[in-house]
Amino acid sequence: MDTRFEQLKVACDLEMWAEAFRSVEDIQSLILLQKKSPKQQSMATYYARLTQIFAVSENHLYNAYAWLKLFNFSRSFNKNMTPADFQAMSSSVLLAMLSILPYDVKQGQALDEMAVDQEKERILRMANILGYQVDANKDYRTVLSRAALLSSVGAVNVLALVPPEIRQIHELLTSEFAPLELCRRMAPLLAKLGETTHSMSASSPVKEVALGQYVNQLK
């Protein structure tokens with residue numbers, strides 16, 4: 001297990017993303033086999049590396065889930081993180097969620113039985129990788145979804161932790177309906193966001209949080 005965690009770290013540092021994902025799958029297999037859970041520090045690093053992997057692959061849904069898992073895990077087990085750390089992490093959770101398209105680009109496309117089975121297998125595998133328990137009786141399409149993520153983010157009250165400008169972006173994109181004014185009102189907020197990078201404390205599992213990475217997808 002320790003070897004796999006080290007492989008994941010080094011693969012991400014060397015930007016060998018395919019190898020990093022293989023290490024992720026190996027770690028999950030070993031977690032299922034072992035009776036005791038990995039060290040808390042190792043799991044924090046695991047979720048931090050997942051945010052990198054999904055950001056590079058531009059999988060916004062899984063990236064947002066990885067950030068939420070890292071945020072919840074850190075808040076439960078890492079008592080040395082500063083309020084500024086949690087504010088930066090919660091901002092990344094919210095912006096990653098807002099970066100997910102609010103509609104399905106594949107909607108209306110008919111899938112054959114094999115394609116449906118493959119999609120179900122992929123979603124359930126990703127749920128396991130992200131550390132979510134899967135209900136066999138539940139519709140697999142609702143296991144990891146934007147709607148489920150919205151509910152989870154609301155449950156942990158992320159909005160209360162983010163700075164006012166991030167909260168304003170959230171309100172403009174989810175609560176208000178002003179399409180004729182949206183670009184004008186969002187432009188200064190996105191410009192500021194593009195220049196925002198938070199350096200985290202030594203206790204944080206991530207060294208920095210660059211909020212500018214979300215600007216293009218938010219646009």
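Among contacts in the chain between residues at least 6 apart in sequence, what percentage join residues at least 24 apart? The share is 65%, where contact means heavy atoms within 4.5 Å.

The model is predicted, so that local features need pLDDT of at least 70 and side-chain atom pairs count only at pLDDT 80 or more, while totals for chains, interfaces and linings use all residues. Residues are numbered from 1 along each chain as its sequence is written, and side-chain values use heavy atoms, with hydrogens and water left out.

**Figure 1. Whole chain, for orientation.** The chain holds 10 helices and two strands, in the order α-α-α-α-α-α-α-α-α-β-β-α along the sequence. Helices (H or I, at least four residues) and strands (E, at least two) are DSSP runs, numbered from the N terminus. The C-alpha trace spans about 55 × 50 × 30 Å along its principal axes.

Figure 2. Of the 219 residues, 38% are buried (under 20% relative accessible area; exposed is over 50%, partly exposed in between; 1.4 Å probe, protein chains only). The 23 positive and 23 negative charges have mean positions 6 Å apart. Lys and Arg count as positive, Asp and Glu as negative, and His and the chain ends are not counted; each charge is placed at NZ of Lys, CZ of Arg, CG of Asp or CD of Glu.

**Figure 3. Close-up of Thr196.** Thr196 sits in the loop that runs between α9 (179–194) and β1 (197–199). Thr196 counts as buried because its relative accessibility is 19%. Beyond its neighbours within four places in sequence, Thr196 contacts Val209, Ala210, Leu211 and Gly212. The C-alpha atoms of Thr196 and Gly212 are 6.1 Å apart, with a separation of 16 residues in sequence. A polar atom of the Thr196 side chain lies 2.7 Å from the backbone oxygen of Lys192.

**Figure 4. Close-up of His170.** His170 belongs to helix α8 (residues 164–174). With a relative accessibility of 12%, His170 counts as buried. Residues up to four places away in sequence aside, His170 touches Leu94, Met97, Leu98, Leu159 and Ser175.

Note on methods: A polar contact is a pair of N or O atoms within 3.5 Å; within protein, one must be able to donate a hydrogen and the other to accept it, and residues adjacent in sequence count only if both atoms are side-chain atoms.
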